[in-house]
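User: I'm new to reading protein structures. Could you walk me through one, feature by feature?

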Amino acid sequence: MLNYFNPSNTLKVINKLQKFIFALFIAVLILGLFEALVLSPEDYKQSDSVRIMYVHVPAAWISLGIFSVISILSFGILIFKNKNFILISKSLAPSGFVFNIIALVTGSIWGKPTWGTWWAWDARITSMLLLAVFYLMFMLSWKIFEDEKKSIKLSSYIAIFGLINVPIIKFSVDWWSTLHQPSSVNVFKETTIHSTMLMPLGIMTAAFALFSILIFLMKYHTELLKIKNKGLDRL
Amino acid sequence: MISEILNMNGYGLYVWSSFMFTLLSFGTLYFVTKIQLNKELRNFESKFKNLDIEKAEIAKKQEIYRGILSSTSTSKI
C-alpha cells in the first residue's frame, strides 16, 4: 500500500494535477467571492460584518485540519520511519501556517466591530495563537539542526505534542466562557446556520481546500527536486 | 448598488480589509512557492546538463529523473 506514496508515482500525478487544481481553484474562488460578498444576506445582529466569516472560518478549519494531518503523519514517521511522510508533513506546513495567520488576522478584524476590541485573551483566540507557535516551531525545527535525523525527531515531537491543542481549540467555546459563540456548523448536532449562509461558507471552504492542495503539490515537488538534486551530485 | 457593496452598511473597511488580507496572503504564498519550485527546477536542469554522457544515461534510466525531466524545458527524453 505504501507504494502508492512512492515519489516516482507521485511526481507523475503532481505534474498532471497542478494545472487542473489551479484552474479549479480560481473558478471556485470567484464563485465563492461572489456568493460571499454579493449574494449572501446580512446578519440581523452583525449586519454585513458577518461576511468576514467566509474567510475566517474556512481558514481556521483548514489550518486545524492540516495540523492534525501533520501530527498523525508524525506518528507514522516515528513508528514506520517512512521518509515520504516527512516530505508530506514538510510540504503541508507552510499553507497550514498561512491559513492560521489568516484566521487570526481576520478574526481580529472581525472582533473590532463585533466585540469592540481587536484582541482578547480568550480561550479560542489564545489556543489558535498557540497553534501558530506550534506551526512556527515545526517549520523552524528543519532549519535549526544540520543533522536531518535530529530535525525529523524534533519536528515529529512538536507536531505530536501540538495535537493536544487541537481538541482544546475545538471545544474551548464549550469548556470555558469565551467571547466566541459556540460552533454553528456541526456534524453530529443540528447546524444552526441558515442555508443562504451555509452555501457560500461551503464554497469558500472548498476554494481554500483547493488552494492548500495546490500549495502542497508545489512544495512537495520542490522537496522532491531538492532530494534529486543531491542525488545528481552523488552520481 | 456598487457603493452599497463597497460600504457594506458601514462595515466595508472591516470586510474588505479581511478579504484583501486573505487574497494577498494567497498571492504571496503562491508566488514564493512558485519561485522556490522554479529555482530547484533550474538547479536540476543545470546540474543535469553538466553531467557527462555516461552519468546522464544512468540518470535517464531512473524513472524519477524521467519524471522530473519531462516537466523541465530542456527535456531530451
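This is a predicted model: local features need pLDDT of at least 70, side-chain atom pairs count only at pLDDT 80 or more; totals for chains, interfaces and linings use all residues.

User: How do I read the confidence, and what is the mean pLDDT of chain A?

Analyst: pLDDT is the predictor's confidence in each residue, from 0 to 100. Chain A has a mean of 88, with 92% of its residues at 70 or more. Within chain A, helix α2 (residues 53-80) comes out highest at 95, and helix α6 (residues 165-175) lowest at a mean of 86. Chain B has a mean of 81, and 75% of its residues reach 70 or more. There, α2(B) is highest at 93, while α4(B) is lowest at a mean of 61. For the complex, the predictor gives an ipTM of 0.89 and a pTM of 0.88.

User: Which residues of α4(A) are buried?

Analyst: An α-helix has 3.6 residues a turn, so residues three or four places apart point the same way. In α4(A), the buried ones are R124(A), I125(A), M128(A), L131(A), F134(A), Y135(A) and F138(A). They pack against α2, α3, α5 and α6 of chain A.

User: And how many residues does each chain put into the contact?

Analyst: Chain B puts in 35 residues and chain A 37. On chain B's side, α2, α3 and α4 each supply at least two residues, and α2(B) gives the most, with 21. By class, that side has 20 nonpolar, ten polar and five charged residues.

Methods
Residues are numbered from 1 along each chain as its sequence is written. Chains are lettered from A and ligands numbered from 1 in the order in which they are written. Two residues are in contact if their C-beta atoms, placed from the backbone, lie within 7 Å. Helices (H or I, at least four residues) and strands (E, at least two) are DSSP runs, numbered from the N terminus. Ala, Val, Leu, Ile, Met, Phe, Trp, Tyr, Cys and Pro count as nonpolar, Asp, Glu, Lys and Arg as charged, and the others, Gly among them, as polar. A residue is buried if 20 or more other C-beta atoms lie within 10 Å of its own, exposed if 12 or fewer, and partly exposed in between; C-beta atoms are placed from the backbone.
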